[in-house]
Amino acid sequence: MRVELENLSKAWDGVVGADRITLDIADGEFVAFLGPSGCGKTTTLLMVAGIYKPSGGTIKFDGHVVNEVAPKDRGIGMVFQSYALYPHMTVFGNISYPLRIQKVNKTEIKERVQKVADMMGIGDLLDRKIVQLSGGQQQRVSLGRALVKEPQLLLFDEPLSNLDARLRLTMRGEIKRLQEEMGITAIYVTHDQVEAMTMADRIAVMSGGVLQAYDVPTDLYEHPKTQFVAGFVGNPPMNFFDVEIVAMDGEFRAKSGSIDLALPRDRAEKAAAAGKDKLIMGVRPEDIYLVDDAEPAAPGRTLTAAIEVVEPLGREDLLGVTVNDVEMRVLVDKTKGAAVGDNVDLVFDMSSVQFFDPETEQSVLWT
Amino acid sequence: MTEKQLSATEQLMEQEADSLARAAIGAPKQPRSSLGRRVRSTVSAYGFLLPAIALVITFFIIPGILLIILSFTNLSSANFTEPWEFIGFANFERLFTDPFFPKILRNTVFYVFTTLIFFNLGLALVLALVTTNIPRRRGFFFRLVWLLPRLTPSVVYILMWKRIGSADPFGIYNQFMPEVLGASGGNLFLGGAPWAFVILTNGFVGASFGMIIFTSALMSIPEDLITAAKVDGASTWRIIRDIKLPLIKWPLLFIATYQTLSLLTSFEYILLLTEGGPGLFTTEVWALTAYKRAFSSYFGNSQWAFGATWAIVLVAVALVMAVLYVKIFKFNELVEEPRIENL
């Protein structure tokens with residue numbers, strides 16, 4: 001099913017939940033709504049589900065406006081963070097509920113429930129009560145209940161947030177595989193950018209009720225259109241600092257206090273063309289290295305920093321450093337044995353540097 | 001709770017009482033002989049329980065025993081100055097052979113269950129469902145309004161109902177809408193519709209209790225469940241029937257049980273409104289009979305012992321009802337702990 005949102009808004013007594021959201025979702029596409037809590041992603045999802053009535057704008061399913069259509073007539077299935085299973089019913093009771101409401105005959109209900117349950121790997125748990133299931137099993141029941149009525153649109157509201165990390169990883173792959181196999185259009189609300197990046201065909205990044213960007217995951221990462229997107233997509237988040245762009249000896253440099261870094265020509269020219277005195281420069285923690293044989297110090301791309309925090313992540317260490325008064329996060333190989341209090345030389349890979357207008361927070365590189 | 005958990009809890013309480021006592025007298029924490037320790041902890045535990053125990057014994061156990069003893073005597077205001085005597089089961093025989101006993105029993109059953117089903121449960125449920133489905137503040141306002149009768153003193157409340165049902169030209173009903181029920185213009189609570197008035201007066205107050213309990217139960221149902229049901233295709237009625245009612249089963253059964261017992265023993269509104277009339281025993285219920293026999297006889301004779309007999313039999317009936325409710329509604333299953341398995 002194709003979904004189109006046009007200027008979709010929701011406000012309660014002056015509090016804006018969603019502000020003129022416009023986007024389209026192709027048939028069979030998996031779209032993630034990504035953003036921090038209170039960004040309007042769930043509000044938008046509930047409007048698509050028909051639980052909230054939009055204050056403005058339209059929702060179209062396959063070209064038909066469905067603003068006034070009741071949730072039950074929208075052909076949707078929904079999966080919740082809390083699972084939202086009916087605690088007084090068995091697993092069978094839960095999965096069969098949508099079919100019982102549609103008055104499907106009993107033998108068909110049995111067949112379809114069994115089929116979905118087998119697909120979800122809970123075929124032998126149908127007689128169980130909900131309280132007797134683990135979180136992972138409950139989420140499978142919830143998914144089964146959403147799928148049993150063969151919906152044309154699947155809505156996920158942070159479905160994996162209550163599961164432990166390992167289970168989340170498995171379920172992530174499973175949901176994606178199911179969605180692809182069945183070819184159902186899906187909207188997936190999450191605050192976890194890893195989930196969004198790994199599962200979604202396209203990601204709608206939202207903040208403060210406003211759609212910040214709507215793009216394929218790699219483009220969001222490489223060509224962020226706003227500072228918010230640059231900071232939200234990517235983990236650990238991008239480092240930002242105010243710089244001036246200075247042309248010197250036919251070379252562009254980013255300067256601020258003791259920071260003095262040479263810039264790649266293509267990006268620097270675009271940044272300089274913005275004609276601003278100051279710009280916000282963004283460098284990802286993974287584009288900064290400790291000086292060693294593989295990354296030798298070189299003029300114009302090396303700065304000295306003091307290590308404030310070392311967070312071991314297992315495969316690598318996340319360093320919190322200061323260059324003069326500017327704080328930065330740096331992701332380095334842990335074998336380099338960095339310790340708190342050390343002064344180290346950092347090499348900056350400036351090939352994917354980002355620049356934003358300090359007033360509008362829009363990218364000056366990508367529009 | 002299982003026995004094992006109970007004894008664990010007891011142990012904890014004992015330890016707590018012990019350490020509390022130590023703290024109270026500023027005693028240092030040091031190991032003592034186990035006997036001394038046990039005695040101390042027992043004494044301090046009972047010390048804390050004493051006020052409650054004293055109250056229960058004074059105001060519940062002793063009056064209860066006195067009442068049972070009383071029901072086997074002939075004590076009344078007529079022979080108050082003479083020594084009273086035990087007369088065995090004579091009072092009980094008199095009660096069950098009373099010509100009006102079947103009528104009072106029928107009245108009581110009718111009164112209790114009609115009020116219970118239509119008001120204390122039915123109206124309470126409707127009020128709770130409606131006031132939780134409208135904007136929060138409005139819902140709160142309406143619930144507050146429905147609580148007013150409960151906050152009004154009984155006599156004032158009944159005087160207001162009397163004013164509604166009075167004969168022409170005083171009664172509000174007779175003045176403004178006599179055509180609705182085709183009334184005669186006469187007194188309604190003693191003439192036209194005494195039972196309607198008895199049940200309405202009790203029901204309007206009774207409904208507010210269930211309303212409050214059901215409201216809080218309904219509000220504690222996670223919003224996601226209702227959203228899920230809507231997405232699953234359930235209509236408002238199906239959501240109420242399939243999701244909300246099963247999830248407030250426990251409060252429903254509790255209110256049914258509690259209000260049955262409370263209605264069985266309630267009589268003050270009936271006393272104030274109809275005094276059991278009009279005529280002979282038309283709206284007289286069991287508890288009212290007990291009160292009248294004991295304290296307000298037409299002949300100026302307060303038959304305290306006979307009144308006590310009515311009360312004792314009523315308590316016995318209530319106890320049987322309570323046990324039945326617990327058995328039929330499987331209360332122990334409702335409080336059973338869920339068995340949670342993990343993968």
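Start by selecting the open sheet of five strands in chain A of this predicted model. The strand order is β13-β12-β11-β14-β20, and the pairing is antiparallel. At the edges are β13 (259-262) and β20 (354-356) of chain A, each of which pairs on one side only. From one strand to the next, the twist averages 40 degrees.

Next, select residues 239-248 and 279-283 of chain A, which are strands β11 and β14. Five bridges join these antiparallel strands. To look at one bridge pair, pick A:D242, whose partner in β14(A) is A:I280.

Then move to the loop between α8 (227-232) and β11 of chain A, where A:P236 is located. Select A:N235 along with A:P236: the peptide bond from A:N235 to A:P236 is cis, and its omega is near -5 degrees.

Two backbone stops remain. Most residues other than glycine have a negative phi, and most peptide bonds are trans.

Select A:N7 in strand β1 (residues 3-12) of chain A. Phi of A:N7 is positive, near 50 degrees, and A:N7 is not a glycine. A:N7 counts as partly exposed because its relative accessibility is 43%, between the limits of 20% and 50%.

Finish at A:E361, in the segment after β20 of chain A. A:E361 is not a glycine either, and has a positive phi of about 60 degrees. With 40% relative accessibility, A:E361 counts as partly exposed.

Methods:
Residues numbered from 1 in each chain as written. Chains lettered and ligands numbered in written order. Predicted model: local features only at pLDDT ≥ 70, side-chain atom pairs only at ≥ 80, totals over all residues. Heavy atoms only, no water. Pairing = 2+ DSSP bridges. Helix = DSSP H or I, 4+ residues; strand = E, 2+ residues; numbered from the N terminus. Axes fitted to C-alpha atoms, helices over the stretch in contact; angles between N-to-C directions. Buried < 20%, exposed > 50% of the residue type's maximum accessible area, 1.4 Å probe, protein only.
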